[in-house]
Amino acid sequence: MDKIIVENLSITYSDGVESLFDINLRIPINQITALIGPSGGGKSTLLRVLNRLNDLADVSKTTGKVLIDGIDVLDPTLDVIALRRKVGIVFSRPLPLPLSIYQNVSYGLELMGEKRKIVLDNAVERALRLAELWDELKERLHDPANSISGGQQQRLCLARTLSLQPEIIMLDEPTSALDPVSTAKIETSLIELKKDFTVIIAPHNTQQAGRIADQVAFFLQGKLIEFSSAEEIFTRPKDKKTQDYISGKFG
Amino acid sequence: MQQTAKKSNVVKQLRIEKLGFSLLTILSIATVIPIIAVVIYIIYLGAPAISWEFVSAMPSDGMRAGGIWPAIVGTFYLTIGTAIFSVPLGIAAAIYLSEYAPVNKVTQAIRLAIINLAGIPSVVYGLFGLGLFVIFLNFGTSILSASLTLSIMTLPVIISTTEEALRAVPQSFRVVSVSLGATKWQTIWRLVLPQAIPGILTGVVLGLERAAGETAPILFTGAAFFLPRLPNSPLDATMALPYHLFVISTQVPGMPIQIQYGTVLVLLVFVLIMNIIVTVIRSRARAKRQW
């Protein structure tokens, strides 16, 4: 089943740089879809369209359609707050908010007006367990979030996204600032999480896509060159450019 | 041969660096010396005047004796009045300019106006206040008129330092907050403002200290030459420390010098207390800050 359907999506930024050109894409539910390609290819832009974070950027023109569960995401009358709770994002650098570990995870729920301590406590524990952080941090929930390691911070950011019980989790090069051990932990979490969530990741290298992705989309200069199962892309790429990229000839 | 030449060159570089640092140290000490000298001078001449009577009694004998209580109270009222008008308005304006205002001709003009306001001589504010608040709005020569005038003078300082403090909060925090479903206002209220509070307080105290020490803006708008009673409403005129100082230094013959310097000392302590209060609040806010 397709969770997200992108049809003829084109996006132009105000500075005239065409960031996405005529993208057609169907992202299946409960799978990990990886967006690969050299930087500047439009992967981040696509992610930021899906939860309308692009509203904050200087976008001059958006055409085409993006449907999540059949609902038009680009509809100007859409409740973007509800959309952002449904489509969570983890950024490339660990970006804990300047609050405690606990407050980082409870932040999103508190925005919704949740004040009951027991509800917040449970949600924080649940999210931290999902990100496999609970055992490490349960004794120090009220320490500042920047007092933990970079790898822990990034998993905290994942927990923060999970706290809102989204349906889709997007990760924009989530391990680019992390060591291999922390990276492996995140990857293990993601494989676990896809049972309950739809995961879209822009991995920071092709190998990562190979390790965890079910579907792979190859982006080059704002165009979607190829999109199919990970196995297809890595063993029998149809496009010469895809082959060159994954074999490391450029990128 | 070449080696030794190189070495002596490095030695020379190090010597120049050392000389440079010593010079900088001397210069930075030199900037503090006048301040210390002024303070010592004021304490030396003013301390003999300080007594319980001086800070708690009404002036008597044409201000040549007695205390300066009404002037202390007046300056206190004026500072509070200025804070009431300028702090909320200044912070609100800064939030608008930093977080909401689009970049266009109008907001550029607003910014330019604020910068220019900060450069206007204080006596011009005084005349403006006389025209607008005292005469046109008919508030009379009063604490209200003087506070409003001082507020207009203080606003640019508060606006620009607050805006600076808000801008110093990393953009990435805002993006994260919005991505978690926060509205713009929630992001500002829960995340940006708490981070900016220490910087905002600095601006507020800088502005209010200036207001407490100014004479010209209150000269025509609210300050009384001699009023040996406390004001009992915001529409009363009041004595104030800086204006009182001006009066006893230039308008009253046969004024004992220690009363002048005692008044200066009280004004200095008044500003110092404001500084201490804000420093304590600021360091508390910083300690609470998790970043």
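Trainee: Why are H6(A) and H7(A) called roughly parallel to each other?

Mentor: Helix H6 (residues 150-162) of chain A and helix H7 (residues 180-193) of chain A pack at an angle of about 20 degrees, their axes 9 Å apart. Angles under 35 degrees count as roughly parallel, over 145 as roughly antiparallel, 65 to 115 as roughly perpendicular and the rest as oblique. So H6(A) and H7(A) are roughly parallel. The axes are lines fitted to C-alpha atoms, for helices over the stretch in contact, and angles run from 0 to 180 degrees between N-to-C directions. Bear in mind that this is a predicted model: local features need pLDDT of at least 70, side-chain atom pairs count only at pLDDT 80 or more, and totals for chains, interfaces and linings use all residues. Residues are numbered from 1 along each chain as its sequence is written, and chains are lettered from A and ligands numbered from 1 in the order in which they are written.

Trainee: Which residues of H6(A) and H7(A) meet?

Mentor: On the H6(A) side they are Gly151(A), Gln154(A), Arg155(A) and Leu158(A), and on the H7(A) side Ser182(A), Lys185(A), Ile186(A) and Ser189(A). Contact here requires C-beta atoms, placed from the backbone, within 7 Å. By class, that contact has two nonpolar, four polar and two charged residues. For the classes, Ala, Val, Leu, Ile, Met, Phe, Trp, Tyr, Cys and Pro are nonpolar, Asp, Glu, Lys and Arg charged, and the others, Gly among them, polar.

Trainee: At what angle do helix H3 and helix H6 of chain B cross?

Mentor: Roughly 35 degrees, and their axes come within 6 Å. H3(B) passes H6(B) in a right-handed crossing too. The contact of H3(B) with H6(B) counts 18 nonpolar, nine polar and three charged residues.

Trainee: How do you know that the radius of gyration of chain A agrees with a compact globule?

Mentor: For 251 residues a compact globule would have a radius near 18 Å, and chain A has 18 Å, so the two agree. The radius is taken over C-alpha atoms, and the globule rule is 2.2 Å times the number of residues to the power 0.38. The C-alpha box of chain A is roughly 55 × 40 × 35 Å along the principal axes.

Trainee: What radius of gyration does chain B have, against that of a compact globule?

Mentor: Chain B has 25 Å, whereas a compact globule of 291 residues would have one near 19 Å. Its C-alpha trace spans about 85 × 60 × 35 Å. Chain B is divided into domain 1 (2-49) and domain 2 (52-288), with bounds from an automatic or database domain assignment. The C-alpha centres of those domains lie 35 Å apart.

Trainee: How many residues does each chain put into the contact between A and B?

Mentor: Chain B puts in 16 and chain A 20. H7(B) gives the most to the chain B side, with six residues.

How values were computed: Two residues are in contact if their C-beta atoms, placed from the backbone, lie within 7 Å. Helices (H or I, at least four residues) and strands (E, at least two) are DSSP runs, numbered from the N terminus. A crossing is left-handed if the near helix is turned anticlockwise from the far one by less than a right angle, and right-handed if clockwise.
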